[in-house]
Amino acid sequence: FGSGYLRDRLSDDLLQSHKQLSAQQANLEERERDLTNVEIHNDQFRALQRQGLVGAPDREDWVEQLLASSKRLGLPGNLAYTLSPPVPMSDGAPASQTGATAAPENPDAALIHDLDFALHNIHEEELLDLLRDYKSRVHGRFRVQACKLDAPTKDGLVVKCTLRFFTLPQHAENPTPAPHA
């Protein structure tokens, strides 16, 4: 009776050990796939970091480059700008359109930063030159969200534009891209 009990007990322990081994092997295979995915996409992630999309936004540089581009092109010295506080982007719509506050509930949420600027006595081609020059020199990803050309005179137009920058936070404890991203 004792040896039968011992045999059954050892058999159960062996079965349990096989199940644990199978689970650990599955976990190891998943982690190896994740590592492979990270290694494959690491260059793309680093490129996004270099472009200013991932990591701390360089908001001061955005303004400085706008002023420098305007000066470099010899545009009238009446450039006025406002850089709004960052707001989280959710469900494909910026939080500013949904009434969300500036403090993101999700610290991993994408952020938008609107840079509004206005110029007087500027022509359409000069505006396009400004945007081209700015895009080639600024460290960050943006799109022209809106531009309003108004009040035509012989000296030019009044231009009011919004450039929307996008950033994704990068946390120090997770400096590499998430798997399956």
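**Aromatic rings and a disulfide**

Let me begin with the aromatic cluster that is formed together by Trp-62, Tyr-134, Phe-142 and Phe-165. Please keep in mind that this is a predicted model, in which local features need pLDDT of at least 70 and side-chain atom pairs count only at pLDDT 80 or more, while totals for chains, interfaces and linings use all residues. Residues are numbered from 1 along each chain as its sequence is written, and side-chain values use heavy atoms, with hydrogens and water left out.

There are four aromatic pairs in the structure, where rings of Phe, Tyr and Trp (its six-membered ring) pair if their centres lie within 6.5 Å, and planes under 30 degrees apart count as stacked, over 60 as edge-to-face and the rest as tilted. One of them is the stacked pair of Trp-62 and Phe-165, with 3.9 Å centre to centre and 10 degrees between the planes. This pair links distant parts of the chain, since Trp-62 lies in helix H2 (residues 59-72) and Phe-165 in strand E6 (residues 156-167), 103 residues apart; helices (H or I, at least four residues) and strands (E, at least two) are DSSP runs, numbered from the N terminus.

Are Trp-62 and Phe-165 buried or exposed? Both Trp-62 and Phe-165 are buried, a word that means under 20% relative accessible area, with exposed over 50% and partly exposed in between (1.4 Å probe, protein chains only).

Turning to the cysteines, one disulfide (a pair of cysteine sulfur atoms within 2.5 Å) joins Cys-147 to Cys-161, S to S 1.9 Å. Cys-147 is partly exposed at 36% relative accessible area, whereas Cys-161 is buried at 2%.
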